[in-house]
Amino acid sequence: QVQLVESGGGLVQPGGSLRLSCAASGTIFSIYAMYWYRQAPGKQRELVAAMSIGGSTNYADSVKGRFTFSRGNAKNTVYLQMNSLKPEDTALYYCNAVHRLGPGRGDYWGQGTQVTVSS
């Protein structure tokens, strides 16, 4: 069982930055692919960024060049650095860990952290 806890959300003006953190209850990097999703009111949850077990990353077109997904030095924390934020980035952001053998072996979600971009 893996527990994920997100933090770092808040209210920021357009053009500002935030760094979201996702702390896991155990070592995750060698076992779980990691994802950041977001869900805005009235919209479906969308994938924002993905990190493979090997550390390669992919981003949604809407955030490419503005968001950076990274690992911390500890083997249980990942980050989403968000720069040049736009009002359309406003959403509840979730961290997700999926076992390397597939979601049937482990698919865990955090509780979410709210990001609001507004002047």
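Buried means under 20% relative accessible area. Asp89 has 0% relative accessibility, so Asp89 counts as buried. This is a predicted model. The structure holds one disulfide, and the count of salt bridges comes to four. The largest nonpolar core has 31 residues.

**Salt bridges**

- The side chains of Asp89 and Arg66 meet in a salt bridge, at 2.8 Å from N to O.
- This pair links distant parts of the chain: Asp89 sits in the loop between β8 and β9, and Arg66 in the loop between β6 (57-59) and β7. The two are 23 residues apart.
- Arg66 counts as buried because its relative accessibility is 10%.
- Arg38, Glu46, Arg66 and Asp89 belong to one network, joined by salt bridges that share partners.
- Arg38 forms a salt bridge with Glu46, and their closest N and O atoms are 2.6 Å apart.
- Arg38 is buried at 5% relative accessibility, whereas Glu46 is partly exposed at 32%.
- Asp61 forms a salt bridge with Lys64, with the closest N and O atoms 3.1 Å apart.
- Asp61 is exposed, at a relative accessible area of 66%. Lys64 is partly exposed, at 48%.

**The disulfide**

- A disulfide is a covalent bond between the sulfur atoms of two cysteines.
- Here, Cys22 is joined to Cys95, with an S to S distance of 2.0 Å.
- The pair links distant parts of the chain: Cys22 is in strand β3 and Cys95 in strand β9, 73 residues apart.
- The torsion about the S-S bond of Cys22 and Cys95 is about -80°, so this disulfide is left-handed.
- Cys22 is buried, with a relative accessible area of 0%. Cys95 is buried too, with a value of 0%.

**The nonpolar core**

- Leu4, Met34, Trp36, Leu80, Met82 and Tyr93 touch the most other members of the largest core.
- Elements that give two or more residues to this core include β3 (18-24), β4 (32-39), β8 (77-82) and β9 (91-99).
- Beyond residues up to four places away in sequence, Met82 touches Gly16, Ser17, Leu18, Leu20, Arg66, Phe67, Tyr93 and Val115.

**Gly10**

- Gly10 is found in strand β2, which covers residues 10-12.
- Gly10 is partly exposed, with a relative accessible area of 24%.
- Its contacts, leaving aside neighbours within four places in sequence, are Leu18, Gln114, Val115 and Thr116.
- Gly10 and Ile31 are 21 residues apart in sequence, and 30 Å apart in space from C-alpha to C-alpha.

Definitions and conventions:
Residues are numbered from 1 along each chain as its sequence is written. This is a predicted model: local features need pLDDT of at least 70, side-chain atom pairs count only at pLDDT 80 or more; totals for chains, interfaces and linings use all residues. Side-chain values use heavy atoms; hydrogens and water are left out. A nonpolar core is a set of buried Ala, Val, Leu, Ile, Met, Phe, Trp, Tyr and Cys residues joined through side-chain atoms within 4.5 Å. Buried means under 20% relative accessible area, exposed over 50%, partly exposed in between (1.4 Å probe, protein chains only). Helices (H or I, at least four residues) and strands (E, at least two) are DSSP runs, numbered from the N terminus. Contact means heavy atoms within 4.5 Å. A disulfide is a pair of cysteine sulfur atoms within 2.5 Å.
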